[in-house]
There are 2 protein chains.
Amino acid sequence: MPTPPLANRLHHIEPFRVMALLARAKALEAAGRDVIHMEIGEPDFPTPPAIVEAGIRALQAGHTSYTPALGIPLLRQAIADFYADHYGVAIPAAQVAVTPGASGALQLALSALLSPGDEVILSNPTYPCNRHFIQMFEGVPIMVDVGPAENYQLTAAKVAAHWSARTKAVMVASPANPTGTLIAPDELDRIGQLCQERGAVLIVDEIYQGLVYDGPDRSVLSSHAGALVINSFSKYFQMTGWRLGWMVAPEYMMPAIEKLAMNAFLSPSAPSQYAALAAFEPDTLRLVESRRQALRARRDYLTHALLALGFDIPAPPQGAFYVYADARRHTRHAEQFAADLLEAHYVAVTPGIDFGGPGADQALRFAYTTSLPRLQEAIQRIKTFIDS
Amino acid sequence: MPTPPLANRLHHIEPFRVMALLARAKALEAAGRDVIHMEIGEPDFPTPPAIVEAGIRALQAGHTSYTPALGIPLLRQAIADFYADHYGVAIPAAQVAVTPGASGALQLALSALLSPGDEVILSNPTYPCNRHFIQMFEGVPIMVDVGPAENYQLTAAKVAAHWSARTKAVMVASPANPTGTLIAPDELDRIGQLCQERGAVLIVDEIYQGLVYDGPDRSVLSSHAGALVINSFSKYFQMTGWRLGWMVAPEYMMPAIEKLAMNAFLSPSAPSQYAALAAFEPDTLRLVESRRQALRARRDYLTHALLALGFDIPAPPQGAFYVYADARRHTRHAEQFAADLLEAHYVAVTPGIDFGGPGADQALRFAYTTSLPRLQEAIQRIKTFIDS
């Protein structure tokens, strides 16, 4: 009785390498070691108190039933209002879908668009789930190498050079993971124009929206109303574990999105949705703004400290909470470097190989999701490691 | 600039017909009408207080971060213990995956198993999401008509008759939606045997486990350790809006399940997981048992009342919270009957067409998810409607 073979798509979907490293970090911690976590894409800030309190009130009030598949109308409207108030963009609430995390939004968007063999153009490096979701629905990711010359972002010229008759979508992330870079507005406009002319969908991952330290904090929707935007309450609003995100999609896609959402998820978490209503209150917005400033201070410190240690940072990070550094002065094999650093000095960082792209073997992603004193301690340990 | 065409899979995925009816029911309510809801697969019982309180404590304690992709170890162990305590089955916690609802479990199971063209045998009628998930991952649902002669369940003979070289899995639901029937243990054993001999996976939807009024409340795992079980905190534990389910999968599938879960969901909701720990406490179990007895009383009443009104119930419901009735004495078009009943007397029921199968056009699903007095009122209204 042989076990039935698993799906072919599993050959294309790799586990995150950092997971093995994270497991080792936890084992070291369990053994009493003081591990500094710079590998995790989750800020150390707790969910803002007003959101937690709204969640508690929701539970006390019995908001524990299914909601409409695309979310409660109040929250869809609040998200639409947020675009109007903060980005000056008019979005009908009917084009907002609340989802189980940005993961849920990405899944709905790609399952609504991709037939087997359809191609999606995206940058390399990229957040690996983007590629994997495409493969989950039998689409073909067209990975376009990008580097410091393009600020690690797609360009219209590169998109055009990789276009084919099967191109169904182009995916951009700004601010990007792992590099923290922003795409230039005029470049994004040209890519949007190309998509519009040739009949493809521009998908923009804006899940780090708001976490911008240099350059404009904007939404693609301010210039391309037809773009499909993926967003999340996880990062800017620090609601990771609540699993809540959203999507803004072109009007013609909404019936398909709703049909898929009702089948795939039934509804997003009810308590999380009621809690998220407090995300847009003035007190919460003031708090997340102060945290943004704290993150900027960390970025400034970490960038300078890594440069001083001989790491190269070919494109300065402008947003999110990552520094993507070239470690070639110290190693030819960054994954081994990360493993050794963890074993010797209990500092956990993510190897570039998880994100792909040119030079990934020699790259490391440092997340500044821990406090400034801890980052300073980490830098001391890395210095000791390098000097040893 | 034509809009890009949507994915082919959307042609195979239908929206639930009941959704239009539900929208109309809500519009009538908004206009002040007293609608009796018998269309919704969600009990009227609130989440048990101990679970709500555990959720509140989790939020107060700051359990709002990502968890491991397959769930917190405490909850995986608690689920494993539940199988040992209540069903006498030893399940390693390592084979339990906590998921965003049973929907998330089904998605992981099918994306792990199905390559394009792979076939899954399932009964017709069935819960429509089962078929849709198969199509979402480019598998082929092989719908096998079942009726009263088989208690609306698959038989080993029918499964064998529909077997092909592409058969990858057989999917059974017990108790079933929409019929509330149980599969006979010996029939399930024969199907499991067939799967084992021929190298396919037996997937059993046990999301109504515990909600059994006649016949044995059991898990397929007691006789087929290699089966893949889908389960949920939604129905028996009344946690619908929390979006939390689980899966028990064969050991060899777990690395694939974990890899897919980390990509598709990152993790299930953290507060929901901590809340669910209270589901297995003695107080909660006593409460859900008393609710099960209330549901049985509703089933007994509704079954007799519908029979008295001239509906036919070819296979008496043994579990879940649905009565699947043949309405041919009253209509040749049950969807129109449901629409007219709602307009005239504000009683909402689900047309059989949402579930497929022989006679679906003349079938209705009555959910006893509302109180006995409301069911009595509904029966009065239906009587008036039929007599008019």
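Is Phe311(A) buried or exposed, and what is its relative accessible area? In this predicted model, Phe311(A) is buried, with a relative accessible area of 2% (buried stands for under 20% relative accessible area, exposed for over 50% and partly exposed for values in between, using a 1.4 Å probe and protein chains only). Residues are numbered from 1 along each chain as its sequence is written, while chains are lettered from A and ligands numbered from 1 in the order in which they are written. Local features in this predicted model need pLDDT of at least 70, side-chain atom pairs count only at pLDDT 80 or more, and totals for chains, interfaces and linings use all residues, with side-chain values based on heavy atoms and with hydrogens and water left out.

View 1. Over all chains, a search of the whole structure finds 35 aromatic pairs (ring centres of Phe, Tyr and the six-membered ring of Trp within 6.5 Å; planes under 30 degrees apart are stacked, over 60 edge-to-face, the rest tilted). One of these pairs, Phe82(A) with Tyr87(A), is edge-to-face, at 6.0 Å centre to centre and with 75 degrees between the planes, and both Phe82(A) and Tyr87(A) are buried. Because the planes of Phe311(A) and Phe337(A) stand at 80 degrees, with the ring centres 6.3 Å apart, this pair is also edge-to-face. The pair links distant parts of the chain, 26 residues apart: Phe311(A) belongs to the loop between helix H10 (282-308) and S9 of chain A, and Phe337(A) to helix H11 (residues 334-345) of chain A (helices are DSSP runs of H or I with at least four residues, strands runs of E with at least two, numbered from the N terminus). Phe337(A) is buried as well, its relative accessible area being 7%. One aromatic cluster of chain A is formed by Phe82(A), Tyr83(A), Tyr87(A), Phe233(A), Tyr236(A), Phe237(A), Trp246(A) and Phe280(A).

**View 2. An open three-stranded sheet in chain A.** Three strands of chain A, in the order S9-S12-S11, form an open sheet with antiparallel pairing (two strands pair if DSSP finds at least two bridges between them). Strand S9 (322-326) and strand S11 (350-351) are the edge strands, each pairing on one side only. S9(A) is joined by five bridges to strand S12 (residues 363-367) of chain A, the two running antiparallel, and the bridge partner of Tyr324(A) in S12(A) is Arg365(A).

**View 3. A covered strand in chain B.** Strand S2 (residues 96-99) of chain B is covered on both faces, with Val96(B) and Val98(B) buried on one side and Ala97(B) and Thr99(B) buried on the other. Four bridges connect S2(B) with strand S8 (residues 245-248) of chain B in an antiparallel arrangement, and Val96(B) stands opposite Val248(B) in S8(B).

**View 4. Gln153(A) and its contacts.** Gln153(A) lies in the loop between strand S4 (140-145) and helix H6 (156-161) of chain A, and it counts as buried because its relative accessibility is 3%. Leaving aside residues up to four places away in sequence, Gln153(A) touches Val146(A), Val172(A), Ala173(A), Ser174(A), Ala176(A), Thr181(A), Leu182(A) and Ile183(A) (a contact means heavy atoms within 4.5 Å).

View 5. Ser174(A) and Pro175(A) are joined by a cis peptide bond with omega about -5 degrees, and Pro175(A) is found in the loop between strand S5 (167-173) and helix H7 (185-198) of chain A. In chain B, a cis peptide bond likewise joins Ser174(B) and Pro175(B), with omega about -5 degrees. Ala320(A), a residue other than glycine, has a positive phi near 60 degrees; Ala320(A) is in the loop between H10 and S9 of chain A and counts as buried at 0% relative accessibility. Tyr346(A) also has a positive phi near 60 degrees, and its place is in the loop between H11 and strand S10 (347-348) of chain A.

View 6. Arg198(A) lies over the face of Trp163(A), 5.3 Å from the ring centre, and the charged end of Arg198(B) sits over the ring of Trp163(B), 5.3 Å from its centre (NZ of Lys or CZ of Arg within 6 Å of the ring centre and within 35 degrees of the ring normal).

View 7. The same surface serves both copies, since 100% of the contact residues of chain A recur in chain B.
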